Amino acid sequence: MGGWGWKAGTSMAAPHVSGVAALVYAKHGGNISPAQVESILRRSAESPSGTGMDVHLGHGRVNAARAVAY
């Protein structure tokens, strides 16, 4: 086989969210709790449906620029 493909789901999202969490943690000099990082990630996520928490999309798409701005 080989080549490129398309994938979706939590195993694809986890590396992105982990990277943004690291940016948030670094911005705060490591002086932030895991709960605070989680709160920032949830509040800064983009909701594609525009309704906030969605049964199919969760809290939405991670937004690094918004998360680091908190």
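Tutor: Helices here are DSSP runs of H or I with at least four residues, numbered from the N terminus. Please keep in mind throughout that this is a predicted model.

Student: In which helix is S44 found?
Tutor: The helix in question covers residues 34-44, and S44 falls within that range.

Student: Is S44 buried or exposed?
Tutor: A residue counts as buried under 20% relative accessible area and as exposed over 50%. Because the relative accessibility of S44 is 0%, the residue counts as buried.

Student: Which backbone oxygen lies 2.7 Å from a polar atom of the side chain of S44?
Tutor: A polar contact requires a pair of N or O atoms within 3.5 Å. The backbone oxygen of L41 lies 3.4 Å from a polar atom of the S44 side chain. The backbone oxygen at 2.7 Å from a polar atom of that side chain belongs to I40.

Student: Leaving aside neighbours within four places in sequence, which residues is S44 in contact with?
Tutor: Contact is taken as heavy atoms within 4.5 Å. With the neighbours within four places set aside, the contacts of S44 are N63, R66, A67 and Y70.

Student: Which element gives the largest share of the lining of the second largest pocket?
Tutor: This pocket has a volume of about 180 Å³, and its lining includes E38, L41, R42 and H59. By type, the lining divides into five nonpolar, three polar and two charged residues. The largest share, three residues, comes from α2.

Student: What is the volume of the largest pocket?
Tutor: Its lining is made of 14 residues, with G9, A13, G60, R61 and V62 nearest the centre. These lining residues divide into eight nonpolar, four polar and two charged. The volume of the largest pocket is about 420 Å³.

Notes:
Residues numbered from 1 in each chain as written. Predicted model: local features only at pLDDT ≥ 70, side-chain atom pairs only at ≥ 80, totals over all residues. Heavy atoms only, no water. Helix = DSSP H or I, 4+ residues; strand = E, 2+ residues; numbered from the N terminus. Buried < 20%, exposed > 50% of the residue type's maximum accessible area, 1.4 Å probe, protein only. Polar contact = N/O pair within 3.5 Å; in protein donor to acceptor, adjacent residues only side chain to side chain. 1 Å grid on protein atoms, 1.4 Å probe; cavity = no way out; pocket = protein on both sides within 12 Å on 5 of 7 lines; lining within 4 Å. Points joined across faces, edges and corners; volume = space filled by probe spheres on them. Nonpolar A, V, L, I, M, F, W, Y, C, P; charged D, E, K, R; others polar.
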